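Hello,

Here is the structure I said I would pass on. My notes on it follow below.

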Amino acid sequence: MRARMLGHAPEELTRGRLRRLGEGIGKVVYASPHWVVKRERSPSEILALIAIWKMARRLEKILPGRLGRNLLQHPSRQLRFLRVVMQGVVRVIPQSVWYSTHAGEMWRVYRHRDERGERLAKEYLAGSDLMPEQVGFPPVRVEIGGWPGWLNVSEATERVEATLHQRLVQLAGAGRFEEVELWLERLLDLRKRGWRRGVFSVDAHLKNFGVTGERVVLLDAGGLSDDWAEIERRLAAEERVDKPHVALGLEAVLRERPDIAARFNARWRATVNRDEVGRHLSAAQDSASN
Ligand SMILES: Nc1ncnc2c1ncn2[C@@H]1O[C@H](COP(=O)(O)OP(=O)(O)O)[C@@H](O)[C@H]1O
Ligand SMILES: [Mg+2]
């Protein structure tokens, strides 16, 4: 992650209204043709989303395969409305109460991982091409589609062509399964290169990776860890997963191609395990202490 300082913001950021491009639990991302800027959600917004997500999970169990899943997978206008309503609820409940709930706990975990990830990305990934390029500049006001209409920003990130998840869905839809397999291989490759630098992502889902040219890059530093005890616990849990491709949300993408799913799962198991990750991470330590 290279934070190049510019004398002024890229012109395209201030030329027109920026479109909402993507969102996660903690950030909303707006795009110009080559750059994105991020808005950090407020604590009440994040808590509201977590509360909705928990309700949707419960609904999913009651209404298998329908409303619950739709709520989780298609953040729609209705969902945004629900979030605003829920945010009102969050605001009238004292913070000390929220803190003690499970949603409050999840919020603390998110915030902790996000801050730590940013720090680790600077420490371990600076100067690499594992993440999109970042630039800094004197603060400017940019216009954005939707609430709150504008943002003050002093950094931007290189826009990728698509998230890895979007790319895989597209390619599978077009029947281009050889490329699906190639991108999955590139994902494993990128992860290994991260381990060799000394970091492991405990939040490695396909919307946190992007594709640009022939590269997979990590979009979301949140979730990076260099704490072996934590990484080991995480891997122990992952090693028990029966079908990694299903856990990654690739069940539909690979439904027609059980052969690719089987090859991928075997590759994944042979790579994302305590022995392999430990071997790469200790190679990082050796080169750091030299
Ligand atoms: N550089 C980028 N180019 C294009 N889309 C991006 C970029 N960075 C993030 N996004 C989109 O925004 C979403 C949320 O960003 P992310 O950093 O993962 O925030 P969060 O911490 O809330 O998960 C991503 O899943 C992706 O869809
Ligand atoms: Mg994310």
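Two strands count as paired if DSSP finds at least two bridges between them. Helices (H or I, at least four residues) and strands (E, at least two) are DSSP runs, numbered from the N terminus. This is a predicted model, in which local features need pLDDT of at least 70, side-chain atom pairs count only at pLDDT 80 or more, and totals for chains, interfaces and linings use all residues. Residues are numbered from 1 along each chain as its sequence is written, and chains are lettered from A and ligands numbered from 1 in the order in which they are written.

The sheet: three strands form an open sheet in the order E7-E9-E10, with antiparallel pairing. Its edge strands, E7 (162-163) and E10, each pair on one side only. E7 and E9 are joined by two bridges, and Thr163 stands opposite Gly210 in E9.

The core: a nonpolar core is a set of buried Ala, Val, Leu, Ile, Met, Phe, Trp, Tyr and Cys residues joined through C-beta atoms within 7 Å. Buried means that 20 or more other C-beta atoms, placed from the backbone, lie within 10 Å of the residue's own. The largest such core has 35 residues, and Leu164, Phe209 and Val216 are among those with the most contacts inside it. Helix H8 gives the largest share, five residues. A second, separate core has eleven residues, including Leu18 and Trp35.

Which residues does Val216 touch, not counting those up to four places away in sequence? They include Leu164, Trp183 and Phe209, where contact means C-beta atoms, placed from the backbone, within 7 Å.

Regards

Notes
A residue is buried if 20 or more other C-beta atoms lie within 10 Å of its own, exposed if 12 or fewer, and partly exposed in between; C-beta atoms are placed from the backbone. Two residues are in contact if their C-beta atoms, placed from the backbone, lie within 7 Å.
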